[in-house]
Amino acid sequence: MPRPSQLLHPARPPATLRPAATVLLLRDTPEGLEVLMTRRSTTASFVPGAYVFPGGGVDALDGASHAQARRRESQSDLHLTQAIAAIRESFEELGVLLARRLDGRAADQHDIDALDRGKPFVAQCQSRGLSLAADQVFVLAHWVTDRDLPRRFDVPFLVARMPEGQTPVADEAEQFEPVWVRPVDALARHAAGQFFIIYPTIRTLERLLHYAEVDAVLQACAVNEQPLWTCCPRGGLLGGCEVRFMEHELPFGELALVCPDGQVVHPLDWQTEQPVALLKNVLRLTAPNPGAMTGPGTNSYLVGDPATGYLVIDPGPGDHDHLEKLWRAAGGDIRMIVCTHSHPDHSPGALPLQALCVQHGQPSPPILGLPSAATARAHSVFTPDRILLNNELLTLIPRGLEADFSYISSHTLQVIHTPGHAANHLCLVLLEDRLLFSGDHILCGSTTVIDPPDGDMQAYLDSLDRLSAACEEHQLEFILPAHGYVIGGFDGEATKAIAHLKAHRLQREAKIVQAMQTLPHGTLDDWVAQVYEDVPPRMWPVAKRSLMAHLARIEVNLSLNE
């Protein structure tokens with residue numbers, strides 16, 4: 001967690017979670033898989049009027065009723081309790097009974113008619129010799145209500161096949177209008193404003209689109225007892241409107257950094273006019289150079305505060321308006337300019353930004369980094385005022401009495417040499433706040449190009465290992481890339497992102513080896529078409545450069561093994 005003193009919003013403990021359980025009752029039809037949904041009362045305290053899957057709170061009696069339920073050998077006590085709660089709620093709300101008689105036959109309408117929805121459910125089943133079919137209820141997903149909401153639930157989304165011969169009948173108190181609907185139709189009706197459903201329901205229905213029949217869903221869930229996905233969404237603003245994101249979606253890490261307690265206030269729109277505050281001591285200003293290689297543009301970062309002055313990371317291209325905005329955002333007090341590498345969307349702004357400071361009567365901030373290697377292309381030639389050493393510390397310390405509380409008020413950046421994308425690439429770690437500024441080595445939503453001869457795949461992979469070790473050593477939680485949103489979270493997401501990136505590179509390399517074996521006389525273009533079939537053809541010329549970097553690594557490894 002960054003220092004509390006640097007968080008933009010005061011801590012706000014989320015509401016206490018309440019255990020609940022929801023069940024998706026599924027059936028097959030000639031038109032495809034359907035799910036049972038029902039409309040909540042318009043006077044309900046939680047999502048009134050929404051169409052939902054049946055379910056409700058888990059109570060103490062559910063956990064005490066294990067002996068009355070059938071269970072799978074691998075089904076945990078917790079999942080059994082949740083399944084019992086879901087079975088109970090589906091009966092109380094819709095009159096659907098997932099149970100079996102002593103002879104193993106499924107409960108039928110005769111059994112349902114003999115039970116009273118208003119009386120204790122499990123006791124009635126016991127008196128009639130009915131066992132709850134919890135062994136036929138599987139965990140599909142695990143949802144936790146968003147941190148910003150006043151009522152929060154910890155809810156497994158369970159799945160089961162609808163018992164044959166039963167007809168759902170709403171209790172007309174909590175639930176109304178039960179309806180069987182294909183996921184695609186529910187989503188279309190919601191989009192048309194005719195079928196109100198909330199975020200977890202929408203996302204769950206979207207996942208069901210990938211399954212053609214009930215067996216496919218149940219088989220996917222039966223692989224193990226773990227949910228297919230787990231999510232506690234985060235909310236932000238796009239176009240001034242509230243939007244939610246799951247953990248795998250690009251803005252999620254940024255929302256975790258800026259609004260850790262779930263405040264829905266952070267704008268996610270990409271723009272180049274105003275700096276975006278990520279912490280009190282970290283601002284991001286995106287350069288107006290969007291494109292296929294730069295995404296929404298190159299991110300320039302300002303680290304520091306008015307008491308310490310500011311360090312600029314990657315001033316970007318030589319765009320006067322962008323540099324003017326950087327200078328103004330720093331109040332003119334720029335102490336250092338650091339370039340993560342010499343590519344033309346990162347370093348050309350360094351000299352004019354330095355000149356701008358001098359022009360306004362400020363001391364000339366040194367330009368720091370690594371000089372471009374002889375392998376760099378002509379547009380990437382770069383010479384810093386001073387060469388940064390690996391593991392060197394760059395510190396911004398406040399003036400006056402606050403300097404005595406340096407940990408609280410200073411900002412220390414550690415340099416890590418990370419060749420690979422470019423021979424002179426480096427990253428920076430903001431030690432006090434556990435942030436990694438990754439330049440182009442790690443990007444949000446895409447992989448960086450390794451372009452020989454200045455780019456080197458082996459060096460790139462080695463540098464990923466170095467960054468992973470830094471994450472472990474300094475407990476880094478967030479990665480701030482030169483392109484895209486912040487990556488990370490509070491459960492090791494930064495380290496996981498690096499591991500995923502390395503695995504992706506090695507998987508791509510394995511495909512290259514396979515292509516070389518399949519097409520031993522193929523050209524580079526032939527191999528690119530086979531290896532990067534998941535990439536738009538317009539990007540194949542760029543992918544070809546990374547393929548060449550992989551080939552160089554493969555050749556070295558082959559020679560070492562001979």
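**Figure 1. Cys-444 in the predicted model.** Cys-444 has a relative accessible area of 13%, and because buried means under 20%, Cys-444 counts as buried. The structure shown here is a predicted model. Cys-444 takes part in no disulfide. The nearest cysteine sulfur belongs to Cys-471 and is 15 Å away.

**Figure 2. Cys-232 and its closest cysteine.** A disulfide is a covalent bond between the sulfur atoms of two cysteines. The closest cysteine sulfur to that of Cys-232 is in Cys-231, at 6.8 Å, which is too far for a bond. Cys-232 is buried, with 9% relative accessibility. A search of the whole structure finds zero disulfides.

**Figure 3. The open sheet of seven strands.** The strands follow the order S13-S14-S15-S16-S17-S18-S19, and their pairing is mixed. Strand S13 (276-279) and strand S19 (386-387) are at the edges. Each of these two has a single partner strand, so one side of each lacks a neighbour in the sheet. Strand S18 (residues 367-369) and S19 run parallel and are joined by two bridges. Gly-369 has Ile-387 in S19 as its bridge partner.

Figure 4. Helix H10 (residues 350-359) lies across S16, S17 and S18. Relative to S17, H10 runs at about 170 degrees.

**Figure 5. The surroundings of His-322.** His-322 is part of helix H9, which covers residues 320-329. The relative accessible area of His-322 is 1%, so this residue is buried. Leaving aside residues up to four places away in sequence, His-322 touches Leu-285, Thr-286, Ala-287, Pro-288, Ser-300 and Pro-315. With Ser-300 there is also a polar contact, side chain to side chain, at 2.9 Å.

Figure 6. Helix H2 spans residues 77-94 and has 18 residues. At 1.5 Å a residue, H2 should span 26 Å, and its end C-alpha atoms are 25 Å apart, so the two values agree. H2 is mostly covered, with 15 of its 18 residues buried.

Note on methods. Residues are numbered from 1 along each chain as its sequence is written. This is a predicted model: local features need pLDDT of at least 70, side-chain atom pairs count only at pLDDT 80 or more; totals for chains, interfaces and linings use all residues. Side-chain values use heavy atoms; hydrogens and water are left out. Helices (H or I, at least four residues) and strands (E, at least two) are DSSP runs, numbered from the N terminus. Buried means under 20% relative accessible area, exposed over 50%, partly exposed in between (1.4 Å probe, protein chains only). A polar contact is a pair of N or O atoms within 3.5 Å; within protein, one must be able to donate a hydrogen and the other to accept it, and residues adjacent in sequence count only if both atoms are side-chain atoms. Contact means heavy atoms within 4.5 Å. Two strands pair if DSSP finds at least two bridges between them. Axes are lines fitted to C-alpha atoms, for helices over the stretch in contact, and angles run from 0 to 180 degrees between N-to-C directions. The expected span of a helix is 1.5 Å times one less than its number of residues. A disulfide is a pair of cysteine sulfur atoms within 2.5 Å.
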